[in-house]
Amino acid sequence: MAGRINYQQLTWLYQNAPPYKNTNEYPYAHRNHRHKYFIPVEVNGKIQFNVHYGWGSEEERYSMAEFEQFAYSLNKRQRDRYFYNEGSEKIPYMAKWLTKHAPFGIVRDDNTIEIICEYMGQGDRMIISEQLGISAYFMQEASSGGVIFTDGYAQHRRKLKRPAFKGMRFNIDTGELHESSRYKIDVKVVDKKKSNQLMKEHVDKLSMIKMFYNSTDENTLIADMTDAVKQNDPTYFDNSNLNHLEKARQLWNVDPVVSSYFYVLGYYIGNAYWAIKYNSSINPPKQIFKQLLPKLRKDLKGNADVFNRQTYWDFDNNYPSAKWGLEITDMQGNPIKQIRG
């Protein structure tokens, strides 16, 4: 039997529909959809429903260097379980999904649902939004910090946008936030005056890097980068897990050009990582610099005091894009972690 996830509907199913054989698991959608089920649980004399989609999943991540250490020992079927992805700083990694038997939400007798998962994949978001049946839905939006709960794809048309987080509780019929889930958002916003001053302080270093990349060739660049890596991380070619971006920041005021090499490696620009590790080809230096420059500027700003904070509350029902990050706290000032997607 198909229907919305709400307390009345789940109670009816609990009282009238048989559970799956040898379990206390009841279907909330079509009975053939074995991965869509709920489990009734008694708490303080009241029945609440733990609602599942699938059997839960969790992303297990490995850096490219970590993956290389064991990839050779995997057969094709095992390797196919891994996929390539990029993190928030566009740093590549390999990952696979781990299956876990865990609910995504708890439906209580006041007809609220509390979201208790830390990750929502595309399928999770679609099914959860569809089964809740209200006029808003969950979607992933990197510029807003992760998974959000919104009433529209187009930002300029939204009347509702909330960060989705573990512990978020709201009324299933109206979408109204429960008192226990109130929050505050501090969005980091660039102060243009401070930002312009920062870029003036680094203009000579950026000009030096530009001049180098515009005047060198692929072979020279590979040779220079290889020498720089050997000098700063002698164990690199033995699968070192060096944090390239951290090394780049350490070298910025010492040798900007060498620092730029580690930024290129850290952001996996221009095939440089593979070029120096496996002697493969590298992209033209001018092209590499073109890709590097905006990431350099962003990293310099991101690690400097060039931001102001704008505060938004849950009753604002909306908040702007947060390109430079945001902080979510509850009413007691405790940090809240936004759901990943």
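This briefing describes selected helices, a sheet, loop residues and salt bridges of the structure above.

The model is predicted: local features need pLDDT of at least 70, side-chain atom pairs count only at pLDDT 80 or more, and totals for chains, interfaces and linings use all residues. Residues are numbered from 1 along each chain as its sequence is written, and side-chain values use heavy atoms, with hydrogens and water left out. Helices (H or I, at least four residues) and strands (E, at least two) are DSSP runs, numbered from the N terminus.

**Helix α1**

- Helix α1 spans residues 7-16, and its buried residues are Tyr7, Gln9, Leu10, Thr11 and Leu13; buried means under 20% relative accessible area, exposed over 50%, and partly exposed in between (1.4 Å probe, protein chains only).
- The cover over these buried residues includes strands β1 (26-27), β2 (36-43), β3 (46-53) and β7 (105-107).
- The N-terminal end of α1 is capped by Asn6, which places a side-chain oxygen 3.3 Å from the backbone nitrogen of Gln8.

**Tyr263 in helix α8**

- Tyr263 belongs to helix α8 (residues 256-266) and counts as buried because its relative accessibility is 1%.
- Leaving aside residues up to four places away in sequence, Tyr263 touches Leu245, Ala248, Arg249, Trp252, Leu292, Leu296 and Asp299, where contact means heavy atoms within 4.5 Å.

**The β9-β10-β11 sheet**

- Three strands, in the order β9-β10-β11, form an open sheet with antiparallel pairing; two strands pair if DSSP finds at least two bridges between them.
- Strands β9 (137-141) and β11 (161-163) are the edges, each pairing on one side only.
- On average, neighbouring strands of this sheet are turned by 35° against each other, direction ignored; axes are lines fitted to C-alpha atoms, for helices over the stretch in contact, and angles run from 0 to 180 degrees between N-to-C directions.
- Strand β10 (residues 146-150) is joined to β11 by three bridges in an antiparallel arrangement, and Phe149 has Arg162 in β11 as its bridge partner.
- Helix α4 (residues 122-132) packs on the sheet and touches β9 and β10, with its direction at about 155° to that of β9.

**Loop residues with positive phi**

- Tyr268, in the loop between α8 and α9 (272-278), is a residue other than glycine with a positive phi near 55°.
- Asn279, in the loop between α9 and α10 (285-302), is likewise not a glycine and has a positive phi of about 60°.
- Asn279 counts as exposed because its relative accessibility is 69%.

**Salt bridges**

- The count comes to 15 salt bridges, each defined as a side-chain nitrogen of Lys or Arg within 4 Å of a carboxyl oxygen of Asp or Glu.
- Lys76 and Asp80 form a salt bridge at 2.9 Å, N to O, and both residues are exposed.
- Asp110 and Arg169 also form a salt bridge, at 2.9 Å, N to O.
- This pair links distant parts of the chain, 59 residues apart: Asp110 is in the loop between β7 and β8 (112-115), and Arg169 is in strand β12 (residues 169-171).
- Asp110 is partly exposed at 33% relative accessibility, whereas Arg169 is buried at 14%.
- Salt bridges with shared partners join Glu59, Arg61 and Arg340 into one network.

Methods
Polar contact = N/O pair within 3.5 Å; in protein donor to acceptor, adjacent residues only side chain to side chain.
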